[in-house]
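Please report on how this model is put together. Take the strands, helices, core and chain contact in turn.

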Amino acid sequence: MSTAVSSVRSLAHLEPPSDGPHPDWLAPVRREALEWVAQHGFPAAKDEDWRYTPLRVLLEAPLEAARPDTSGGSVLAPLARVADLGGAQLVFVNGFYAPFLSRPGRRSEGIAVTNMAAALAAGDGRLRAALERPLPAYRHAFHALNTALATDGAFIHLAPGAVLDEPVHLVFISESGDAPVLVSPRSIVIGEAGSQVTVVETYLGTPGSTGCTNARTDVELQVGARVEHYKVQDEPVSVTHLASLGVRQGADSSFRSHSVTLGAGLARDEVSVRLEAERAQVDLGGLYLPGDGQCHDNPVLIEHVAPGGTSRQLFKGVVDGDGHGIFNGHIIVGSGAFRTDASQTNRNLLLSDRAEVDTRPRLEIFADDVQCAHGATVGQLDEDALFYLRSRGIPRPVARALLIEAFAGEIVSRIVPAQLAALVQRLVADRLCAGVPERSRERTP
Amino acid sequence: MLQIEDLHARIGDTEILRGVSLAVEAGEVHAVMGPNGAGKSTLARVLAGADGYDVAGRVLFDGDDLLGRTPEDRASAGVFLAFQHPTEIPGVANLYFLRTALNSLRRHRGLDELGPQEFLALAEERMRLVEMDRSFMHRSVNEGFSGGEKKRNEILQMAILEPTLAILDETDSGLDIDALRVVAGGVNALRSPDRAMVVITHHQQLLDHIVPDRVHVMVDGRIVRSGGRELAAELEAHGYVGLDAVSDRQGAATVGVTP
């Protein structure tokens, strides 16, 4: 972390917000976070985790912190594209809660689904720990910057044993007017012992929006909690999307998360998971589809701290045009994490000879009696399979689409909520099968 | 129906087909036999439109030139290749693949597409022909299929797509006797006056089950002898050794052309 802050012309001048709900404890947290940014600077190419991530343009952009927007209207078009998952749907425009576009879920005992600004205004102390004590520390300047600037986002809390059947859908829409904005939503999910919830994050933008989404989501799972998480990102290519998902898992907890990355010019979806107590399980999947002018970066860090943890990762990339896909998978098995079972797989399909993929596994194992498997592949469409399909009368573009959808389908099929799976299948097909006549594109039942 | 005239095929500097000529009429079943490396599979793949070969000569199918057309175009015209090594395609369900294929052909021919229910009914009827379980329909194409299952799946595809020219490339290889009987039974059920078949095999055994009208012997990229079904028995008795001499004496260009 070493880019001198002085060289960053715009991001460093950003000030913590002075308006909005403001508990006493929050001001110093924000100030310290901003100081952290000043001390450590923004990531540079020599930082391992940012080696391939083209940040220069972002860091020189004249960004202003987003303000609550009342222009309305233009967000309705992207909003119409989101899947209706049946439960609570919280909509955030430029990171601020939009109550008139949102639908609260049914109220139930022991379950809070609200927005952060409202929770802060209500003096909800449960937010404090998540904002105050980043563990083990800030991951990088963008994480700290989110803490310094975020005033809104989702807050989901489940009391011990609480089970929410319907998914909570968080919809983030970026909409910039004349000036590019820095959007800083912060979402916090806390599942106490034995609770269960599904959380879906969807990120969209109005056409032509510029600027940067710098989103942070913290998830805490206490003993035996189960959290299922999905993220679909389809922002305009004129937007930079930086997101980090930080997860802390208690004993016997289970966290499952799948991301589908379609949009943004530069999208960086960081996932870091700490398995802090025995027998925690994490299952991560990701599908990234960078095309012309896009870079999709997927850094994953799994820290096995306690014994008997299980981690699974399956990330797949389909890279077209001059797109750039990055997978940076880091597993650390600490000295106390014996009987860890970790596996990591990254597969990439290059559809063009200008497409680029960087894939890098990093395994650091400090414990005995550990199973750790990893594998990475980068390849092209199987010509034999293409010939086989075409020899049955299937036209080449349809045959290609079939093979690409089959490759991506391994991730799509892991999406449990049916409405979300259908939406993702449609988005992926629209992206990958451009040029195939609609009538040829039957859907797999 | 099919007329192959002086067909040559090369990969790089290696000439694999060195002047194959062959004519097959509708309703006929022709066997092409020969040792490993004779070019039998290359002949099959070239007819189906595989990439990677430099091809010269002429292939007429129902009077139209076949060479230079795409594989899907040839399939639409009625050509079908049962692969020696059917390709595994993970993530594409057999049912979906077959319906997409059939509907592509139907669309090309100006017919209505079949909906999922109509297709399923057709598929189930044809699956009985090769004694396949309906669970195969929901598995990925050929993935994890045994050798026999793959070959049965090829014949099932032929039964559903109803080609006018079927080329069976070593459909008997790797089959035990029971599977061979099932596969041959499926093929025989599909014999018809409108349909021609070219059966490529190493072994005479298959021809006990699928009785050919004509037998051709291919050695070293040429058809060196042609005859009736009794030729297969002769080959079984004496092997391919000695046939090269015949080809050298008679010259490749004329041998094997059915009058």
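How many bridges join β6(B) to strand β9 (residues 165-169) of chain B, and do they run parallel or antiparallel? The two strands are joined by 4 bridges and run parallel. Two strands count as paired if DSSP finds at least two bridges between them. Helices (H or I, at least four residues) and strands (E, at least two) are DSSP runs, numbered from the N terminus.

This is a predicted model; local features need pLDDT of at least 70, side-chain atom pairs count only at pLDDT 80 or more, and totals for chains, interfaces and linings use all residues. Residues are numbered from 1 along each chain as its sequence is written, and chains are lettered from A and ligands numbered from 1 in the order in which they are written.

**Strands of chain B**

Ala82(B) has Leu168(B) as its bridge partner in β9(B). From strand β6 (residues 79-82) of chain B, Val79(B) and Leu81(B) point one way, Phe80(B) and Ala82(B) the other. All four are buried (20 or more other C-beta atoms within 10 Å of the residue's own, with C-beta atoms placed from the backbone). In a regular strand the side chains alternate between the two faces of the sheet.

Chain B also has an open sheet of 4 strands, ordered β2-β1-β4-β5, with antiparallel pairing. Its edge strands are β2 (14-24) and β5 (64-65) of chain B, each pairing on one side only.

| Strand pair | Sense | Bridges | Bridge partners |
|---|---|---|---|
| β6(B) and β9(B) | parallel | 4 bridges | Ala82(B) and Leu168(B) |
| β1(B) and β2(B) | antiparallel | 8 bridges | Leu7(B) and Val20(B) |

**Helices of chain B**

Helices α5 (residues 147-161) and α6 (residues 177-189) of chain B pack at about 10 degrees, their axes 10 Å apart. Axes are lines fitted to C-alpha atoms, for helices over the stretch in contact, and angles run from 0 to 180 degrees between N-to-C directions. α5(B) and α6(B) are therefore roughly parallel (an angle under 35 degrees).

**Core and chain contact**

The largest nonpolar core has 204 residues. Such a core is a set of buried Ala, Val, Leu, Ile, Met, Phe, Trp, Tyr and Cys residues joined through C-beta atoms within 7 Å. Phe80(B), Ala82(B) and Val199(B) are among those with the most contacts inside the core. Helix α8 (residues 396-412) of chain A gives the core its largest share, 11 residues.

The contact between the chains takes 26 residues from chain B and 20 residues from chain A (contact: C-beta atoms, placed from the backbone, within 7 Å). On the side of chain B that touches chain A, α3(B) gives the most, with 6 residues.

Conventions. Buried ≥ 20, exposed ≤ 12 C-beta atoms within 10 Å, placed from the backbone. Parallel < 35°, antiparallel > 145°, perpendicular 65-115°, else oblique. Contact = placed C-beta atoms within 7 Å.
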